[in-house]
Structure formats: C-alpha cells, structure tokens
Amino acid sequence: MNFSYYIAKRYLVSKNGKNAINIINILSFIITIVGTAALFIVLSGFSGLKSFSTEFSSYFDPDLKVTPLNGKVIEIPLSRKRELENISGITLLSATIEEKAFLHYDGKNDIAYIKGVDSNYDQIIKTDTILLEGSWLGNSDLQVVAGAAISDELSLQVDNYGRFLQIMVPKPGKNAINALNYRDSFSQIDVVATGVFSINENLDSKYIFTTIAAARKLLNYNGDQASSLEIKISPDVDEDQIREEIEALFDVPIVIKNRLQMNDGLYKMLNSETY
C-alpha cells in the first residue's frame, strides 16, 4: 500500500479525540464536490442554451447584420455590393427594408413592421421551414407573407386576389399629416397574401414580408437605399476579420451584429457566465 495513502486513510478514519476534525474534512470534501458539480451543470446548461438559441434564431436572423449607426437608411450602391461580395468568407448578401406600417383588410386594422426582402433572402434564412401556409414571395411586388398572429388578427385569406390588404405608412416631411384628408397623408400599396409564416409569438405578431421593390416604392427609397444588409458567411471563418473589412468599405459609421448580438437580452444572459 502506498505510504501516503496509508497515512491519509489513518487520519480520516481514526477513532481518537480528533474525530470532529475528520467529520469537518469529510463535509468539506462533499461540499466541494457538490459545488463543483453544480457549477459544471450550470455552465453546461449555458453552453447548451447558447447552441440551441443560435440554431433557433437561424430561422429568422442572418449570420451578420449591418445597419447605420445614425438614421434609418444605409446606402448600398452596386459598386459597394460587389466589393462586399469579394470579401473572403462572405457567401451571400441580402438588402432589407424595415418600417412600421398600418394594415387594413376587410374592415379590420393592425399595426406591424413590413420587411422588404430581395431575391437572395430565402438563401439567408430557411424560409421553407417557417411557412405555415401558402408559398413564399414570388416575382410580383403585389405579394406579402404575413405572420400567423397578424393573419389571425385580420382574418387574411391566402391567394385571394379579389380582396386586397392595404399597407400604409405616413409620408415623410414636416406637416405631412393632412387633417382634412388622411389618405393624402399616407403612402399606400395594395397587396395579396400568398403565405403565412410562424416562428414564435413575438415575430408572428410583428412582421409581414414583402418584396424590397414594393417596400422602396412605399417608402420612396431609391434603388441603393436599404434599412440593413444581411450577410451569410462561411463556417469556421474569422468573423472579426470580416467585420474589419466590411467597416472599411463604408464611409459612414455602421453597426455590425452577429446572430446572438441581435438578441440583446439573450446575448447579455449568455455572456453572464464569463463574469
């Protein structure tokens, strides 16, 4: 028997007057084991939650999202788009437009965010996995895909071309609201719902997708303007390096967020494990 092991055993199980010390040592050992195991379980839970949340958010959030630091509009001319596409690690770009809008359908009203997306968007997120009914946006600018809660609120009928959904936003500029004729105070497009999507309760009641061309027409944006640029990157690339290269191509301050940073509450909670 190993001599040090023999001494330790005699010390722990001795029946002399120091038995209280032995009990304290055993309790300390048990507490240390339990505390270490609890910490390991908590950290493992955070790690699992981070992986699950990242996978779940992939149904709606891109790998990276570029937005202007100031204002609502970011300029993405064709030359800048080509330079972004040439950055190693970037596989796809999609310009999007978001704005709060008033919805009217068959005597019912609701408030939601329209999200205008281009033809690349269905490769940025998994649109086929979020569709609950109908189909995704086609080539027509008269189409929308509504969140399930919005569809229920308005009693939207999919592919009903005899009844249009009206989307309205206030016209820009001071004193644009005309108290005598509210319709002159709003830009409006009439569209048809071709599909209904469902992700979670919050997003289902918040968003309605349309084409970026329809959103630009509604908001009077030109062809280079967008609210954000959503980016898909290759696995196992240096995200920090890509961020630096993206920032170098813009002459105005921008904000770049990854999938976790787009969900601020979740991001702060998951990062609390490091403190």
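In strand β4, A112 is the bridge partner of A101. The model is predicted: local features require pLDDT of at least 70, side-chain atom pairs count only at pLDDT 80 or more, and totals for chains, interfaces and linings use all residues. Residues are numbered from 1 along each chain as its sequence is written, and side-chain values use heavy atoms, with hydrogens and water left out. Helices (H or I, at least four residues) and strands (E, at least two) are DSSP runs numbered from the N terminus.

**Strand pairing**

- Strands β3 and β4 (residues 108-117) run antiparallel and are joined by 10 bridges; two strands count as paired if DSSP finds at least two bridges between them.
- The two strands β3 and β4 form a hairpin with two residues between them, and D106 in the turn has a positive phi of about 50°.
- Strand β4 is also joined to β9 (residues 207-211) by five bridges, and these strands run parallel.
- In β9, F209 is the bridge partner of K115.

**Helix α9**

- Helix α9 spans residues 239-248, and its residues I242, R243 and I246 are buried (buried means under 20% relative accessible area, exposed over 50%, partly exposed in between, with a 1.4 Å probe and protein chains only).
- These residues lie on the same side of α9 because they cover an arc of only 105° around the axis, the arc being that of the directions from the helix axis to the C-beta atoms.
- The face turned away from the buried side of α9 carries the exposed residues D240, E244 and A248.
- The cover over the buried residues of α9 includes β1 (64-68), α3 (78-85), β3 (90-105), β11 (228-233) and β12 (254-258).
- D238 caps the N-terminal end of α9, with a side-chain oxygen 3.2 Å from the backbone nitrogen of D240.

**Residue S227**

- S227 lies in the loop between β10 (225-226) and β11, and is buried, with a relative accessible area of 11%.
- A polar atom of the S227 side chain lies 3.0 Å from the backbone nitrogen of E98.
- Neighbours within four places in sequence aside, S227 is in contact (heavy atoms within 4.5 Å) with residues including V66, K72, T96 and E98.

**Residue M168**

- M168 lies in strand β7 (residues 165-170) and is buried, with a relative accessible area of 9%.
- Although M168 and H104 are 64 residues apart along the chain, their C-alpha atoms are separated by 8.3 Å.
- Neighbours within four places in sequence aside, M168 is in contact with A101, F102, H104, F186, S187 and Q188.

Notes:
A polar contact is a pair of N or O atoms within 3.5 Å; within protein, one must be able to donate a hydrogen and the other to accept it, and residues adjacent in sequence count only if both atoms are side-chain atoms.
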